[in-house]
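Here is a short briefing for a first look at this model. Keep the sequence and the 3D view side by side as you read.

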Amino acid sequence: MTEAIRFFLDGEEVEARPGETIWQVANRRGTEIPHLCYSPAPGYRPDGNCRACMVEVEGERVLAASCIRKPQNGMKVNTASESAKSARKLVFELLVGDQPDRKEAHDPDAKFWQWADKLDVTDSRFPGADAAPEKDFSHPAMAVQLDACIQCNLCVRACREVQVNDVIGMAMRGHAEKIVFDFDDPMGSSTCVACGECVQACPTGALMPATQVDLHTGVFAAAPDRKVDSVCPYCGVGCQLTYNIKDDKILSVTGRDGPSNQNRLCVKGRFGFDYVHHEDRLTVPLIRREGVSKHDVDIDPENPLTHFRRASWEEALEVAAKGLARIRDERGGDALAGFGSAKGSNEEAYLFQKLVRTGFGTNNVDHCTRLCHASSVTALIEGIGSGAVTAPFMAAQDAEVIVVIGANPTENHPVAATFFKNAVERGAKLVVMDPRGQALKRFSTHMLQFKPGRDVAMLNALLNVIVTENLYDQQYVQANTQDFEELKEHVKDYTPERMEEICGISADELRTVARLYARSEASIIFWGMGVSQHTHGTDNVRCLISMALTTGQIGRPGTGLHPLRGQNNVQGASDAGLIPMVFPDYQSVETPKIREFYEDLWGSKLPGKRGLTVVEIMDAIHDGKISGMYIMGENPAMSDPDVGHAREALAKLDHLVVQDIFLTETAKYADVVLPASAWPEKDGTATNTNRQVQMGRKALPLPGEARQDWEIVAQLANRLGLNWTYTHPRDVFAEMTKAMPSLANITWERLEREHSVTYPCDAPDQPGHEIVFGNGFPTETGRGRLVPAAIIPPAEEPDAEYPMVLTTGRQLEHWHTGAMTRRAQVLDDLEPEAVAYMAPADLRRLGLNGGDRMRVATRRGHVELVARADYAVPTGLIFMPFCYAEAAANVLTNPQLDPFGKIPEFKYCAARVEPLREAAQAAE
Ligand SMILES: Nc1nc2c(c(=O)[nH]1)N[C@H]1C(S)=C(S)[C@@H](COP(=O)(O)OP(=O)(O)OC[C@H]3O[C@@H](n4cnc5c(=O)[nH]c(N)nc54)[C@H](O)[C@@H]3O)O[C@H]1N2
Ligand SMILES: Nc1nc2c(c(=O)[nH]1)N[C@H]1C(S)=C(S)[C@@H](COP(=O)(O)OP(=O)(O)OC[C@H]3O[C@@H](n4cnc5c(=O)[nH]c(N)nc54)[C@H](O)[C@@H]3O)O[C@H]1N2
Ligand SMILES: [Mo]
């Protein structure tokens, strides 16, 4: 460790921490020094180019830029000398002369103007450059006006060094110097991914959120009248953000310094907020009109009154509860089921499962985790006794080798991806394993584009190398694992040479990657849906666990197993017990002692039989075993596999209550629709992929008569005979801490204060443990279990009739079933129509061009959509996002389940592509 430096700041002796600059020391001590090209936000390299932060160093003839200059022992620094002050003022005067008039400033509140005010520089003695204002309003989210640009270079660093998107550059020299997008393209047609980091970094308003600029004049249009700190409602990264609000509408969003995002956001978090204000929001309770068939789903969400009638809350809750109670009383609780939400808060998820268990009297409660990481959680609990990540994704910063398999983080966990890219720039080696090329490929040292569905073959080959070349950590294996001999024996047959043919990766490459992973000081594995959503999803994860356990790449900094959790609160909703086999904290419903504990806590008899899972519930409806459902914040009519089957099930229900913010494809089958709260409208906590429990705050009023989700659940509970008296989510959280040992030492008040606390946590004044299992595992034996996996082919292979493979997944701009993002203007502008991605060679073979319409068919059904040529897709594969209702991917997917995790095979089925006649004719 370098020794602390002692120097004099404005006459006072002070200490600099290792690496600190003069500016940082001054700032820490409350001495303000102007700055423009410098950002104190983490990840920004000081550049020292604008000279706004000059200070005087005794004995030196020229002033020093304090943002970049580091103090030395005994140095005497004067931040307020006349020469420093006048130099800084001169910088501002020169810059003000070049800026648009203050009255016409693009952002009169910009950092630049704030400092100009503080330095009392309102006018310039210098004539301004008469450059014609350059306006580029080609991007739907951001307004570019380079007449305000001071070439401070912050946006370039934001784009290249922080988010590592490499779109913005500095072109030309001298006076003509300017920032450009790609090759001086308009921003809207550049390769910009709209993370908006540049907008957040820009100190002058040259780059602005388009919502705050009058796009006719280029002048500032609106300032927020209040700000509320919260968490992003989209993915499991859990970025902390601030809602900038005017007249109770979100005007813009800024990233905050949360532990998982350090001020960064992606396009959805920053620009995808306006779904909450969309005219389709449900604002009144609805009851299905008498005689309207459930098969008639041609309903305009803007005018649902053709099929539903408005109802008072009183009536809607009464009808909703009565219908559920009648089925419970006549047929028993197991004739009911509930789908809770991973988009809501922990408190809502907890109340929902409590209602189903105590009010319905069944464990038939599940949620989208079943379609997501259910297989990962099954394998993790079996192998290491816990389903959550062993280390936060920030651990990638300390890793020597980072493995990303079956995940596409630049689109699906974009802010996490920025830290992966930062790690690569720092020297980490990145191994990407994905049948499809993806943006991380460019950063990878090894890109294994293997054959889809062949994970076990590939991973067993890696394990074979680890075992046969003695790359395993003998000491670690002996001390911390069990069943190693069985695994060793098992993987012997899976030589790289034999697996090469099955997985399509050369034996050499397999050997190299196995050695790299095993030998490195610290290797970490991240995985996603490409691993979990298979009929052999649990086996895939067993292999990953075996890799980490045999090599001891777990429990230390820079190592671990990290299933990238998907929804903003899927970790929390699972922890809270929205799972049919377990109570909160994964406590088995089948263990009498555990049941007694919850019976005491909840004052209710509890069912001791495991409930059914998402897809099983749909099957049970077809079989006549389930006839009533309550669905809160999920859209299974779009997200379940084989939705034809799922929709028929929904239509078949005697009684369906749907609680959502929109009239979704699912709500169209409802008997009662309850209008609920969107994320920015509620107080509540959410748990991200890093096990960080974070506070979300109510920023907006509810629209119309919509109510808080937690309140609606409680009101239904009371109508079902329970006696709930919660007055606020904080009461619910307090009860949760009694039901869930994982939340020990985390209280509502603490979260209000600290915004985010990681579990497990040892004391109320201690941070939680980011890295777990450095010393054994919470299994019965304290050891990690190695479970061998044999190759099982995907459930449905291509054949003559359906010769291609269909895989489904996500796009950056859209969220799952599109309910939210297709109602967000910027996101919908960026990706407006249903597309499927294919290899250009396949399109040519079929006589198709990118942009042509085509039909994709499987044994379950067909859809029609637009072809998009993509070199990242290997031949023989079709990739479809599942967010487009007009061409729903899940009409096509195979509902076959993994026997352990009960997750469907969304990532593989046989399919056929046919050009549509108009397209074929046009091509002739
Ligand atoms: N923009 C956006 N972000 C999201 C979401 C969203 O809807 N939109 N959803 C969130 C949720 S809930 C989740 S779970 C995550 C999911 O995040 P990811 O897991 O990244 O999502 P996917 O796009 O479904 O699939 C990941 C990758 O699996 C690859 N793949 C396909 N078949 C195979 C295979 O056989 N083996 C392997 N190893 N890989 C394969 C695909 O090519 C794809 O690149 O994203 C979260 N973030
Ligand atoms: N083909 C295919 N299908 C898949 C997948 C795949 O990769 N391929 N992935 C699967 C995965 S990983 C997942 S996680 C699932 C996701 O499946 P779902 O969870 O069904 O998808 P979402 O669109 O996120 O649905 C969330 C619903 O909640 C509503 N909502 C949002 N916020 C709130 C709120 O605060 N309160 C209430 N009451 N409602 C709210 C939205 O309007 C929307 O209707 O999809 C699965 N389906
Ligand atoms: Mo998910």
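A nitrogen atom of ligand 1 sits 2.7 Å from an N or O atom in the side chain of Asp 455. That is a polar contact (a pair of N or O atoms within 3.5 Å; within protein, one must be able to donate a hydrogen and the other to accept it, and residues adjacent in sequence count only if both atoms are side-chain atoms). The model is predicted: local features need pLDDT of at least 70, side-chain atom pairs count only at pLDDT 80 or more, and totals for chains, interfaces and linings use all residues. Residues are numbered from 1 along each chain as its sequence is written, chains are lettered from A and ligands numbered from 1 in the order in which they are written, and side-chain values use heavy atoms, without hydrogens and water.

**Ligand 1**

- Backbone atoms also reach ligand 1: a polar one of Gln 811 is 2.9 Å from a nitrogen atom of the ligand.
- Leu 812 has a backbone N or O atom 2.9 Å from a nitrogen atom of ligand 1.
- Ligand 1 has 910 Å² of accessible area on its own, and the protein covers 99% of that. Such areas come from the Shrake-Rupley method with a 1.4 Å probe; for residues, only the protein chains shown count as cover.
- Two or more residues of the shell come from each of α10 (409–412), α17 (529–532) and β33 (804–809). Helices (H or I, at least four residues) and strands (E, at least two) are DSSP runs, numbered from the N terminus.
- There are 32 residues around ligand 1, and Asn 412, Asp 434, Gly 453, Met 529 and His 814 come nearest. A residue counts as near if one of its heavy atoms lies within 4 Å of the molecule or strand.
- The shell of ligand 1 has ten nonpolar, 15 polar and seven charged residues. Nonpolar covers Ala, Val, Leu, Ile, Met, Phe, Trp, Tyr, Cys and Pro; charged covers Asp, Glu, Lys and Arg; the others, Gly among them, are polar.

**Ligand 2**

- Of the 34 residues around ligand 2, the nearest are Ser 639, Asp 660, Lys 682, Thr 817 and Asn 890.
- Thr 817 places a polar side-chain atom 2.6 Å from an oxygen atom of ligand 2.
- The side chain of Gln 533 has an N or O atom 3.1 Å from a nitrogen atom of ligand 2.
- The protein covers 99% of the 920 Å² of accessible area that ligand 2 has on its own.
- The shell of ligand 2 holds 14 nonpolar, 13 polar and seven charged residues.

**Helix packing**

- Helices α12 (residues 455–468) and α15 pack at about 165°, with axes 9 Å apart. That makes α12 roughly antiparallel to α15. Angles over 145 degrees count as roughly antiparallel, under 35 as roughly parallel, 65 to 115 as roughly perpendicular and the rest as oblique.
- Axes are lines fitted to C-alpha atoms, for helices over the stretch in contact, and angles run from 0 to 180 degrees between N-to-C directions.
- Helix α15 (residues 496–503) also meets α16 (residues 507–519): their axes come within 8 Å and cross at roughly 110°. That makes α15 roughly perpendicular to α16.

**Backbone details**

- Tyr 759 and Pro 760 are joined by a cis peptide bond, with omega about -5°.
- Pro 760 belongs to the loop between β31 (756–758) and β32 (784–785).
- His 755 is not a glycine, yet has a positive phi of about 70°.
- The loop between α26 (748–754) and β31 holds His 755.
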